[in-house]
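Colleague: I have a few things to ask about this model before I set anything up; could you put the sequence and structure on screen?

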Amino acid sequence: MQTILAIETSTEVASAALLRDGRVITRESAGVQTHSLAILPMVQDLLAEAGISLAQCDALAFGVGPGSFTGVRTACGIVQGLAFGADLPVLPVVTLAAMAQACRDLNGAGEVLAVLDARMGEVYWAQYRFAGNAWQVMVEPVLSAPSQVTPLPVQSGVLQACGNGLAAYPEAFAAAPCAAEGLPAVMPNARQVAQLGSIALAQGGGLSAVEAQPLYLRNKVALTTAERAAKVNP
């Protein structure tokens, strides 16, 4: 059985998880400003509870993004450091895919639209379909205005929407059928990062520490004064 240590810091809640012998144990800490301080103690606590060392893990998984610029950079940097020290492979997991897995864990969803608030009037979103015992990417992760979220038709059942982007821009999703039963509280978590990381490892998807890089969809993280004024007075 695999032993996967996972961390997720792309949103306001930082989480760590340890998947071992088919069982997952987790820790969480709220407050984006403290993610870099909270993750390592959570990791140490998980390893102590399991009675193992970091070197006894098979791989390290992390939420690669998209998400908070600082958050995804924090996760990548911490995992790189741990992987170098313990000589372990790294498993990047897309945060939006982790949200899709969280929906499936919650209600068995097989068609998921994950929408994450990207701030600055935009959202990160992607669409996934569970088929053949695996997730298929129907729409790759993209950054857009909420009004430009255009999911593809589903094959069967209903499209389950999730993520805080639904709550951040309710007017943009008011007419979307998938948002009526949306789950805005479903967010990226290390539990699902560990689950998807385990699948990736079984398929030979591990990377070296130096190959691990954050997934950024936005090159700019702040607007100039003129750009902010243009948004207010288009």
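Colleague: Thanks; leaving aside neighbours within four places in sequence, which residues is Val112 in contact with?

Modeller: Val112 is in contact with Ala100, Cys103, Ala126, Gln127, Tyr128, Trp135, Leu159, Gln160 and Cys162, once neighbours within four places in sequence are left aside, where contact means heavy atoms within 4.5 Å. Please bear in mind that this is a predicted model, in which local features need pLDDT of at least 70 and side-chain atom pairs count only at pLDDT 80 or more, while totals for chains, interfaces and linings use all residues. Residues are numbered from 1 along each chain as its sequence is written, and side-chain values use heavy atoms, with hydrogens and water left out.

Colleague: OK, and which residues touch the most other members of the largest nonpolar core?

Modeller: Leu96, Val112, Tyr128 and Cys162 do, in a core of 32 residues. A nonpolar core here is a set of buried Ala, Val, Leu, Ile, Met, Phe, Trp, Tyr and Cys residues joined through side-chain atoms within 4.5 Å, and buried means under 20% relative accessible area, with exposed over 50% and partly exposed in between, using a 1.4 Å probe and protein chains only.

Colleague: Which elements give two or more residues to this core?

Modeller: Those elements are β1, β2, β4, β5, α3, β6 (111-119), β7 and α7, and the largest share, seven residues, comes from α3. Helices (H or I, at least four residues) and strands (E, at least two) are DSSP runs numbered from the N terminus. Domain 1 (3-94 + 188-211) and domain 2 (95-179) both give residues to the core, so it lies between them, with the domain bounds coming from an automatic or database assignment. Apart from it lies another core, of 29 residues, with Ala38, Leu46, Val64 and Ala83 among them.

Colleague: Switching to β6, why is it described as largely enclosed by the rest of the structure?

Modeller: It is described that way because eight of the nine residues of β6 are buried.

Colleague: And which strands does it pair with?

Modeller: β6 pairs with β7 in the antiparallel sense over eight bridges and with strand β9 (residues 160-162) in the parallel sense over three bridges, two strands being paired if DSSP finds at least two bridges between them. Leu116 stands opposite Tyr124 in β7, whereas Ala114 stands opposite Cys162 in β9. β6 and β7 form a hairpin with two residues between them, and Met120 in that turn has a positive phi of about 55 degrees. Arg119, in strand β6, has a positive phi of about 65 degrees although it is not a glycine, and it counts as partly exposed at 49% relative accessibility.

Colleague: What about Asn133, buried or exposed?

Modeller: Asn133 counts as exposed, at 67% relative accessibility; it is found in the loop between β7 and β8, and its phi, near 65 degrees, is a positive value in a residue other than glycine.

Colleague: Moving to Arg129, is that one buried or exposed?

Modeller: Arg129 is buried, with a relative accessible area of 7%, and it sits in strand β7 (residues 122-131). A polar atom of its side chain lies 3.4 Å from the backbone oxygen of Pro153, within the cut-off for a polar contact, which is a pair of N or O atoms within 3.5 Å, where within protein one must be able to donate a hydrogen and the other to accept it, and residues adjacent in sequence count only if both atoms are side-chain atoms.

Colleague: Last topic, helix α7: how far apart are its end C-alpha atoms?

Modeller: The end C-alpha atoms of α7 (residues 190-202) are 18 Å apart, which agrees with the 18 Å that its 13 residues should span, the expected span being 1.5 Å times one less than the number of residues. Asn189 caps the N-terminal end of α7, with a side-chain oxygen 2.9 Å from the backbone nitrogen of Arg191, and Gly204, whose phi is positive, near 75 degrees, follows the helix.

Colleague: Which residues of α7 are buried, and what do they pack against?

Modeller: Ala190, Gln192, Val193, Ala194, Leu196, Gly197 and Ser198 are the buried residues of α7, and they pack against β1 (3-8), β2 (13-20), β4 (59-65), β5 (90-94), α3 (95-107) and β8 (134-144).
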